[in-house]
Amino acid sequence: MAQMRAALYDRYGPPEVLYEGSLPRPAAGPGQVLVRVHATSVNGGELYGRAGRVKAVTGLVGGRGFPKRLGIDLAGEVAALGADVTGLTVGQPVWGVSRAMNTAAEYAAIDANRLAPLPPELTYAQAAALAGVGTTAVTALRDEARLRPGERLLVRGGAGGVGSIVVQLARAEGAHVTALAGASTLDLVRELGAHECVDYRTAAPPDLGRFDVVVDTVGTDLRAWRRLLAPGGRMVAVSFDLDRAASSLGYLAASAVHGPRRVRFFSGNPRRADLDRLAALVARGAVRPVVDRIFPLSQIAAAHRALEDGGVRGKIVVEIQPVRP
Ligand SMILES: NC(=O)c1ccc[n+]([C@@H]2O[C@H](COP(=O)([O-])OP(=O)(O)OC[C@H]3O[C@@H](n4cnc5c(N)ncnc54)[C@H](OP(=O)(O)O)[C@@H]3O)[C@@H](O)[C@H]2O)c1
């Protein structure tokens with residue numbers, strides 16, 4: 001059976017548990033597409049999975065045993081089509097978001113409805129940096145918060161993967177944007193369009209004022225941030241506090257008593273239509289990918305270490321095949 005290179009780990013632990021190993025090349029099942037992957041990226045949630053902090057979720061997505069795999073975003077070319085797949089052709093450049101943790105590899109089999117044609121404006125590396133976080137940002141702002149022009153928005157984690165797209169999209173939608181970020185990335189969030197940029201290590205929530213929308217990509221102390229909502233305000237949490245998971249999830253559920261001012265949490269489930277919505281925003285210049293660094297697959301441990309060390313500007317990309325200029 002043909003083999004392929006893939007990022008793997010045999011036990012939960014620090015980034016150094018990761019290595020480039022070998023696996024049988026998958027085949028496209030019915031309704032699936034086999035993609036020859038050029039690039040993927042490291043997402044914040046994958047660090048928790050690898051560290052064993054969300055074992056139930058990691059087991060559900062990647063199976064109970066080891067070795068386990070990595071990778072949510074993907075950009076590459078169609079290598080083969082499974083039965084019943086229409087609308088895509090072999091060799092076509094595509095991008096997508098997998099729910100199977102399998103894109104940090106030379107080939108990935110992915111449901112056809114989670115892929116879309118690669119936007120012509122994007123390289124493979126840029127597309128891999130944008131697919132997951134971009135669809136998350138669009139869902140958070142448009143579907144969950146229903147952000148309107150002129151509203152005041154606060155984003156926690158403004159220079160991170162999700163946050164760097166939330167800042168751009170909110171600005172493009174005509175909101176007044178306040179972004180919390182680390183001191184070394186405040187210049188980036190300003191450049192991305194934030195009107196106010198505040199160092200999260202020195203910020204005190206009550207000093208920041210009132211907001212119509214709060215988007216929280218950090219998840220800690222949701223109560224304190226929800227208190228900043230103006231009447232009619234909406235809070236969207238894309239993360240929750242893993243160190244206090246029970247009370248954090250309990251708070252999310254209990255906040256439903258606040259009706260419209262509850263804290264909304266969602267688990268991204270991007271489909272082709274979401275990727276196409278994002279592509280349209282890229283085409284009109286409302287959103288651009290933010291790539292901090294590109295690592296080869298062989299340095300997957302260093303890629304995770306870089307995100308874990310903090311201060312990343314946007315996204316860490318992992319290149320599988322040489323990325324086209
Ligand atoms: N619900 C969903 O569908 C969904 C989808 C995507 C992601 N997520 C979750 O969203 C979270 C963020 O993901 P990501 O990929 O954007 O991660 P990321 O790229 O690591 O970004 C996190 C950002 O938060 C900043 N930060 C850390 N502590 C902070 C604090 N106390 N206050 C303000 N900012 C702080 C970090 O800055 P420094 O590095 O400078 O500390 C970093 O820029 C993860 O928990 C992920 O699992 C959920």
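Helices (H or I, at least four residues) and strands (E, at least two) are DSSP runs, numbered from the N terminus. The model is predicted: local features need pLDDT of at least 70, side-chain atom pairs count only at pLDDT 80 or more, and totals for chains, interfaces and linings use all residues. Residues are numbered from 1 along each chain as its sequence is written, and side-chain values use heavy atoms, with hydrogens and water left out.

The chain is divided into domain 1 (3–122 + 289–319) and domain 2 (132–265). These bounds come from an automatic or database domain assignment. Taken over C-alpha atoms, the centres of domain 1 and domain 2 are separated by 27 Å. In domain 1, 12 residues are in contact with 15 residues of domain 2; contact means heavy atoms within 4.5 Å. The size of an interface is often given as the accessible area lost when the parts come together. Here domain 1 and domain 2 bury about 1,000 Å² between them, 56% of it on carbon and sulfur atoms. Buried area is the accessible area (1.4 Å probe) that two parts lose on being put together, summed over both. Arg53, Val290 and Arg313 supply 46% of the area that domain 1 buries against domain 2, more than any other three residues.

Side chains of opposite charge can pair when their charged atoms come close. A salt bridge is a side-chain nitrogen of Lys or Arg within 4 Å of a carboxyl oxygen of Asp or Glu. Two salt bridges cross the interface of domain 1 and domain 2. Arg53 also pairs with Asp243 through their side chains, in a salt bridge of 2.8 Å, N to O. The structure holds 18 salt bridges. One of them joins the side chains of Asp143 and Arg277 at 2.9 Å, N to O. This pair links distant parts of the chain, with Asp143 in helix 3 and Arg277 in helix 8, 134 residues apart.

Helix 3 (residues 124–144) and helix 8 (residues 272–283) pack at an angle of about 90 degrees, with their axes 9 Å apart. Helix 3 is therefore roughly perpendicular to helix 8. Axes are lines fitted to C-alpha atoms, for helices over the stretch in contact, and angles run from 0 to 180 degrees between N-to-C directions. Angles under 35 degrees count as roughly parallel, over 145 as roughly antiparallel, 65 to 115 as roughly perpendicular and the rest as oblique. From helix 3, Leu130, Ala131, Gly134, Thr135, Val138, Arg142 and Asp143 meet Asp274, Leu275, Arg277, Leu278, Leu281 and Val282 of helix 8.

Glu173 lies in the loop between helix 4 (161–172) and strand 10 (176–181). Leaving aside residues up to four places away in sequence, Glu173 touches Arg142, Leu147, Arg148, Pro149 and Arg284.

Two backbone features sit in other loops. Phe66 and Pro67 are joined by a cis peptide bond, with omega about 0 degrees. Pro67 is placed in the loop between helix 2 (55–62) and strand 4 (68–69). Met101 is not a glycine, yet has a positive phi of about 50 degrees.
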